[in-house]
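Open the model in a viewer and keep the selection tool at hand. The stops below can be taken in order.

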Amino acid sequence: MSYADGEAGSGMRWSTVTIGGVCSKPQYGWTTKAMSEGGRIRLLRTTDITSGEIDWSTVPFCTDEPPDVDKYLLHEGDIVISRAGSVGVSYLITRVKPSVFASYLIRFRPGPTVEGRYLAYFLKSRDYWQQIADNTSGIAIPNVNASKISDIRLPLAPLALQRRIVAEIEKQFSRLDQAVASLQRVKAQLKRYKASVLKAAVEGRLVETEADRARREGRSFETGAELAAQGSANAAGGRKPGAALPYETGEQLLKRILDTRRSQWKGNGKYKEPAAPDTSGLPKLPEGWVWCGFEQVSSADKHALKAGPFGSALKKDVYVPSGYKIYGQEQVIRGDHSFGDYFIEEAKFRELENCTVKPGDLLISLVGTAGKVLVLPENARPGIINPRLIKLSLNPSFIAPAYAAYMLQSAWATLFFKGQAHGGTMEILNLGIVKTLPVPLPPLREQHRIVAEVDRRLSIVREVEAEVDANLKRAQALRQSVLTRAFAGDAG
């Protein structure tokens, strides 16, 4: 049964009116600059209402107060609507500090025929937003004015019925709010769980260490040279089938890495040892692990650790519709190597070949959302990095790229970067900072077990997150369903 049917017997009917028809004359806000402190009257802006709640402690003050302050003062029951920026966003003033409203807001005051909360809920409905879209379509910079908002139509129920509708909306929204709060708590718990998994992974607490496994299986501890000899014997069929593999510690692995690099050096001049990190004051690692730096475990390529080119070397006027891909922060932040459509031709690619990337390389974002990591998969397109990324080309015989990526996303790396980055934040990183990061290096087989276990656990996290996000979307759809029924006279 609809509201209209339910009230027909008493002569109470719905009507279609305009916002301007049920409100006093709309008013534009006061034009002035905002200042963070030292003022007397606050200045409410569009950005202060977009979240759906006003935090008055963050609302700035007027630099210049209006000569007629009373004309612009906000009062409880006022409705402000944004005419530019977040066009159409509205807010019903309930608890108010001494404040005026800024020029990109328009104030409407509900008249005696409309309940303020009834109008405020209509301004969140699909019908209202469709009318806003119709009024701003085809406009390069979307905006509306008081006249256009005044002409927006709304279904008006009798006043007593408006109050009943508001009560029903609030009852159903309260239930949805509780459900959404529960879902948000689950998301927060998942985020904490993911962080705890990565923390345990780089502290040697996620899987059985290679040292413990070697003792349990009765395997010997052998040096890198002995392991290399054993590997040659295995290749020649010298190892008995089923015989336990010897155990190489992280320290032995690092020594083997450095010995290999030194023996294979073919460059000009004297060989230069890769930089080791400062390990003074670092926490004790699990048995068999060792601290190292990315320079020590990188590939032999002299551009293995490389920041993107200067911006002047990669301007947009060199972009082409297809060719060699330009990798930037958008791929790293999204976790999708295939995203984006910026390309350069071969001549430019050859010019910037020291910035080229290949499958297995780690890409790290440097600015804004800094510290995000992406490992390029086998099917990644040939390309280069842009100035907002650095690449790490690691030797997979020494360190698993996926292990390095998880380590870079762990609390250990995050805290280190925050301590080193400009301003003590994660807003800006650079290659020098990444090079100085002490990397906890487990034995190679242990690295692979760690990666497999992290993958397993995080795949479960992703499944749960997807379900939570789907339920959050359903909750939003249910809100719109409640509003649609309410203003169609179909709920009560």
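This is a predicted model: local features need pLDDT of at least 70, side-chain atom pairs count only at pLDDT 80 or more; totals for chains, interfaces and linings use all residues.

Residues are numbered from 1 along each chain as its sequence is written, and side-chain values use heavy atoms, with hydrogens and water left out.

**First sheet.** Select β2, β9, β6 and β7, which form an open sheet in that order with antiparallel pairing. Strands here are DSSP runs of E, at least two residues long, and helices are runs of H or I, at least four, numbered from the N terminus. Two strands pair if DSSP finds at least two bridges between them. The edges are β2 (27-28) and β7 (90-92); each has a single partner strand, so one side of each lacks a neighbour in the sheet. Next, show β9 (residues 105-108), joined to β2 by two bridges. Y28 has I106 as its bridge partner in β9.

**Helix α5.** Select residues 126-136 and colour Y128, Q131, I132 and T136, the buried residues of this helix. Buried means under 20% relative accessible area, exposed over 50%, and partly exposed in between (1.4 Å probe, protein chains only). Look down the axis of α5: the buried residues fall within an arc of 130 degrees, so they line one face of the helix. The arc is taken over the directions from the helix axis to the C-beta atoms. Their cover includes β6 (79-82), α4 (116-122) and β10 (153-156). Contact means heavy atoms within 4.5 Å.

Within β17, find L374, the bridge partner of L363.

**G383.** Select G383 in strand β18 (residues 383-385). Is G383 buried or exposed? G383 is buried, with a relative accessible area of 0%. Residues it touches include Y324, F349 and C355, not counting those up to four places away in sequence.

**Cores.** Finally, show F294, L392, L408, F417, L437 and V454, which touch the most other members of the 51-residue largest nonpolar core. Such a core is a set of buried Ala, Val, Leu, Ile, Met, Phe, Trp, Tyr and Cys residues joined through side-chain atoms within 4.5 Å. A second, separate core has 41 residues, among them I19, V114, L123 and A486.
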